[in-house]
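Student: Hi! Could you walk me through this one step by step?

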Amino acid sequence: MSDITELLLDAAADLLAAHGFHGLRMIEVASRAGVSRQTVYNEFGNKEGLVQAVAAHRTEEYLNGIVSRLGQGPDPWEAMRAAFRFTFEQTEKDRLVSAVLTGQDAEDLLPFLTTRGHPVLFQATEVVERHLTEHFPGRHVRFTAETTVRLALSHLLLPSGDLESAVDAVVRVAKATLEA
């Protein structure tokens with residue numbers, strides 16, 4: 001990824017968190033990145049393309065962190081705890097994801113995680129499925145992987161307790177569904 005693309009994605013993410021999809025202006029993205037508006041259009045095509053690129057980039061950052069934690073240590077369940085803890089902690093720090101989840105300043109972004117969130121769900125499920133397949137060969141792990149990711153997304157959207165309780169719930173459900 002070029003430096004310009006990185007600057008544009010960062011600028012767009014900040015503006016999306018502050019103003020949502022409908023408040024995002026390509027000229028503001030260009031101004032923040034120090035480029036022309038045409039450069040933004042050349043890079044992403046249109047506003048929808050830019051937002052999709054931001055979502056893909058942010059998803060990749062999260063998934064890289066998750067994969068890194070899933071690869072730590074021999075215990076697959078402790079690795080999953082570390083991965084989901086990372087996800088929940090990162091979300092608390094991430095202004096854009098917080099805006100998506102809470103709707104604060106960006107209520108029109110929630111569909112990018114829910115009704116239009118298939119890329120996030122699919123990619124995250126694939127990562128968890130690979131981890132479970134590695135540690136539990138021969139088992140059908142797809143259901144467990146998807147259920148686990150959906151539960152984690154649910155905890156992100158509607159937290160019902162503290163971070164450790166959420167991490168524990170996600171891993172306990174994963175373990176129970178895999179062992180059932």
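**A chat about helices and buried residues**

Student: Where is Leu109 placed?
Tutor: Leu109 is in the loop between helix H6 (95-102) and H7; helices here are DSSP runs of H or I with at least four residues, strands are E runs of at least two, and both are numbered from the N terminus. Keep in mind that this is a predicted model, where local features need pLDDT of at least 70, side-chain atom pairs count only at pLDDT 80 or more, and totals for chains, interfaces and linings use all residues. Residues are numbered from 1 along each chain as its sequence is written, and side-chain values use heavy atoms, leaving out hydrogens and water.

Student: Okay! Is Leu109 buried or exposed?
Tutor: Leu109 has a relative accessible area of 2%, so it is buried (buried is under 20%, exposed over 50%, partly exposed in between, using a 1.4 Å probe and protein chains only).

Student: And which residues is Leu109 in contact with?
Tutor: Setting aside neighbours within four places in sequence, Leu109 is in contact with Leu16, Gly20, Phe21, Leu96 and Val100, where contact means heavy atoms within 4.5 Å. Leu96 is 13 residues from Leu109 in sequence, and their C-alpha atoms are 9.3 Å apart.

Student: Let's move on to H7. How many residues does it have?
Tutor: Helix H7 runs over residues 118-135 and has 18 residues. From first C-alpha to last, H7 reaches 26 Å, close to the expected 26 Å (1.5 Å times one less than the number of residues).

Student: Which residues of H7 are buried?
Tutor: They are Leu121, Ala124, Thr125, Val127, Val128, Glu129, His131 and Leu132. Their cover includes helix H4 (47-70), helix H5 (76-93), helix H8 (142-157) and helix H9 (163-179).

Student: Can we zoom in on Thr125? What does it touch?
Tutor: Thr125 is in helix H7, with a relative accessible area of 1%. Not counting residues up to four places away in sequence, Thr125 touches Arg142, Ala145, Glu146 and Val149.

Student: You mentioned H8 and H9. At what angle do their axes cross?
Tutor: The axes of H8 and H9 cross at roughly 160° and come within 9 Å. Axes are lines fitted to C-alpha atoms, for helices over the stretch in contact, with angles from 0 to 180 degrees between N-to-C directions. That crossing is why H8 is roughly antiparallel to H9 (under 35 degrees is roughly parallel, over 145 roughly antiparallel, 65 to 115 roughly perpendicular, and the rest oblique). Among the residues making the contact are Phe143 and Leu151 of H8, and Val170 and Leu178 of H9.

Student: How do H4 and H5 pack?
Tutor: H4 and H5 pack at about 150°, and their axes are 7 Å apart. Therefore H4 is roughly antiparallel to H5. The residues that meet include Tyr62, Ile66 and Leu70 in H4, and Met80, Phe86 and Thr91 in H5.

Student: New topic: where does Phe136 lie?
Tutor: Phe136 lies in the loop between H7 and H8. Its relative accessibility is 16%, so Phe136 counts as buried. Leaving out residues up to four places away in sequence, Phe136 touches Pro76, Trp77, Val141 and Leu178. Phe136 and Ser98 are 38 residues apart in sequence, with 34 Å between their C-alpha atoms.

Student: Last one: what feature does UniProt place at residues 25-44?
Tutor: An unreviewed UniProt entry places a "DNA-binding region" there. Over residues 25-44 the chain is 80% helix and 0% strand, and the end C-alpha atoms are 13 Å apart.

Conventions:
UniProt positions are given in the numbering used here, feature names are shortened, and annotations may be inferred rather than shown by experiment.
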